[in-house]
Amino acid sequence: VHIELVTAALPPALRKLVSRGVALACVAVCLILAWYGLELFLKNIERNDFDVRAYYYPRWLLTVTFPIAFSVMAIEFSRFVFGTDLMPSGAARIHE
């Protein structure tokens with residue numbers, strides 16, 4: 001999500017701030033996508049849409065994964081915003 005070469009060169013306090021900021025942005029994006037995914041899922045149910053590319057298949061079965069997956073990703077990223085762990089960085093080994 002963020003460039004490790006840049007974050008590895010930052011001092012620890014700034015690295016922590018950048019890591020939490022990137023994680024917060026990721027939470028926001030995931031929540032927005034979960035919201036629109038939920039709207040799409042509900043619209044597919046309301047319209048009784050079917051996917052007819054290969055089989056006659058209810059489209060909501062395909063779109064139900066969007067709000068679930070993006071909500072779980074938002075929860076995972078929020079661990080890096082509010083928890084003690086930071087998003088992984090420093091693997092670029094710039095200090096060696």
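**Terms and values**

Mentor: Of the 96 residues in the protein, 26% are buried, where buried means under 20% relative accessible area with a 1.4 Å probe and protein chains only. The model is predicted, with local features needing pLDDT of at least 70, side-chain atom pairs counting only at pLDDT 80 or more, and totals for chains, interfaces and linings using all residues. Residues are numbered from 1 along each chain, and side-chain values use heavy atoms, leaving out hydrogens and water.

Trainee: What pattern does the protein follow along the sequence?
Mentor: The pattern is α-α-β-β-α-α, with four helices and two strands, which are DSSP runs numbered from the N terminus (helices H or I, at least four residues; strands E, at least two).

Trainee: Why is H2 called roughly antiparallel to H4?
Mentor: The axes of H2 (residues 12-47) and H4 (residues 65-82), lines fitted to C-alpha atoms over the stretch in contact, with angles from 0 to 180 degrees between N-to-C directions, come within 8 Å and cross at roughly 165°. Angles over 145 degrees count as roughly antiparallel, and therefore H2 is roughly antiparallel to H4.

Trainee: What makes up the largest nonpolar core?
Mentor: The core has 10 residues in all, among them Val22, Cys26, Phe77 and Met87; a nonpolar core is a set of buried Ala, Val, Leu, Ile, Met, Phe, Trp, Tyr and Cys residues joined through side-chain atoms within 4.5 Å. H2 and H4 each supply at least two residues of this core, and the largest share, five residues, comes from H2.

Notes. Parallel < 35°, antiparallel > 145°, perpendicular 65-115°, else oblique. Buried < 20%, exposed > 50% of the residue type's maximum accessible area, 1.4 Å probe, protein only.
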